[in-house]
Amino acid sequence: MKKLLGLVFLMLFLISATEMASTKPEMHPSIEGTWELVSHYNYIDGENVSDTIPATDGYRQIKMYYDNKVMWTRYVPNDSVEWFGYGSYEVEENQLQETLEYMSASMRKVANKDMTWTMELQLKNNSFSQIFTDEEGNRINSENYKRLN
C-alpha cells in the first residue's frame, strides 16, 4: 500500500512539474480575412506622413482576402457612384499585388491598363497598410485597414 501511495504521489509530482503545451497555434500576420478602411495617409517627401485622413461617418470600404482572391466594396453616403472590384492577389514579403478581373464602371474608368496594382504592404495581426508608390519607389499615400474578424 505504501508503494502504491508513493507511486501515486510520484505521478502527481511529475504531472504537476510538466508544462502544459498550448493547443492553440501561434498567431502570425496573415492578410486572409475581412478588413475595414479606417484612414488614409498622405506622404510629404516619400517617407514621412504629412497628414492622416480618417474615414468619414457613414463611409465604409471593406476588403476580403481568401484563397488568393480579393473582393472589395466602397459605400459613400450621398453618392450614387458604385465602387467595387473582384480579382486575385499575391503577397510576397512586404509587397501586395492585386489584379482585378471584374469591377464597377466607375472603377474601370480609373483602372490602369492591366488592372494590376502593386503596393508596399505593412502587415500586423489586426491591421495593415497598403502603400502606393511612384515610379521611383517614393510613397505617395496609403490606405490603412483594421481586421473585422
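Which residue forms a salt bridge with Glu 120? Keep that in mind as you open the viewer, and remember that you are looking at a predicted model.

**Stop 1: Arg 139 and Glu 120**

Select Arg 139 together with Glu 120, and you have the answer: Arg 139 is the partner, and the closest N and O atoms of the pair are 2.5 Å apart. Now colour the strands around them. Arg 139 belongs to strand E9 (residues 139-147) and Glu 120 to strand E7 (residues 116-123), so this pair ties together parts that are 19 residues apart in sequence.

**Stop 2: Arg 60 and Glu 36**

Arg 60 sits in strand E3 and Glu 36 in strand E1 (residues 33-43), so the bridge ties together parts that are 24 residues apart in sequence. Buried or exposed, where does Glu 36 fall? Glu 36 is buried, with a relative accessible area of 13%, whereas Arg 60 is partly exposed, at 40%.

**Stop 3: Lys 69 and Glu 101**

Next, pick Lys 69 and Glu 101, whose side chains meet in a salt bridge at 3.4 Å, N to O. With Lys 69 in strand E4 and Glu 101 in strand E6, the pair ties together parts that are 32 residues apart in sequence. Lys 69 is partly exposed, with a relative accessible area of 32%, and Glu 101 is partly exposed at 45%.

**Stop 4: Ser 88**

You will find Ser 88 in strand E5, where it is partly exposed, with a relative accessible area of 24%.

**Stop 5: Tyr 65 and the nonpolar core**

Now hide the surface and head for the largest nonpolar core, which has 19 residues. Select Ile 31, Tyr 65, Leu 96, Met 107 and Phe 128, the residues with the most contacts inside this core. Strands E1, E4, E5 (83-92), E6 and E7 each supply at least two of its residues. Zoom in on Tyr 65. Among the residues that Tyr 65 touches are Ile 31, Trp 35, Val 70, Tyr 89, Leu 96 and Phe 128. Its contacts also include Glu 32, Gly 33, Glu 98 and Gln 130.

**Stop 6: The largest pocket**

Finish at the largest pocket, where about 250 Å³ of space lies. How many residues line this pocket? There are 13, and Trp 72, Arg 74, Met 107, Phe 132 and Glu 143 lie nearest its centre. The elements giving two or more residues to the lining are strand E3 (60-66), strand E4 (69-75), strand E6 (95-103), helix H2 (105-110) and strand E8 (127-133). Colour the lining by residue type, and it divides into seven nonpolar, two polar and four charged residues. You have already met Met 107: this residue is among those with the most contacts inside the largest nonpolar core.

Definitions and conventions. Residues numbered from 1 in each chain as written. Predicted model: local features only at pLDDT ≥ 70, side-chain atom pairs only at ≥ 80, totals over all residues. Heavy atoms only, no water. 1 Å grid on protein atoms, 1.4 Å probe; cavity = no way out; pocket = protein on both sides within 12 Å on 5 of 7 lines; lining within 4 Å. Points joined across faces, edges and corners; volume = space filled by probe spheres on them. Helix = DSSP H or I, 4+ residues; strand = E, 2+ residues; numbered from the N terminus. Nonpolar A, V, L, I, M, F, W, Y, C, P; charged D, E, K, R; others polar. Buried < 20%, exposed > 50% of the residue type's maximum accessible area, 1.4 Å probe, protein only. Salt bridge = Lys/Arg side-chain N within 4 Å of Asp/Glu carboxyl O. Core = buried A, V, L, I, M, F, W, Y, C linked by side-chain atoms within 4.5 Å. Contact = heavy atoms within 4.5 Å. Lists of a residue's contacts leave out its neighbours within four places in sequence.
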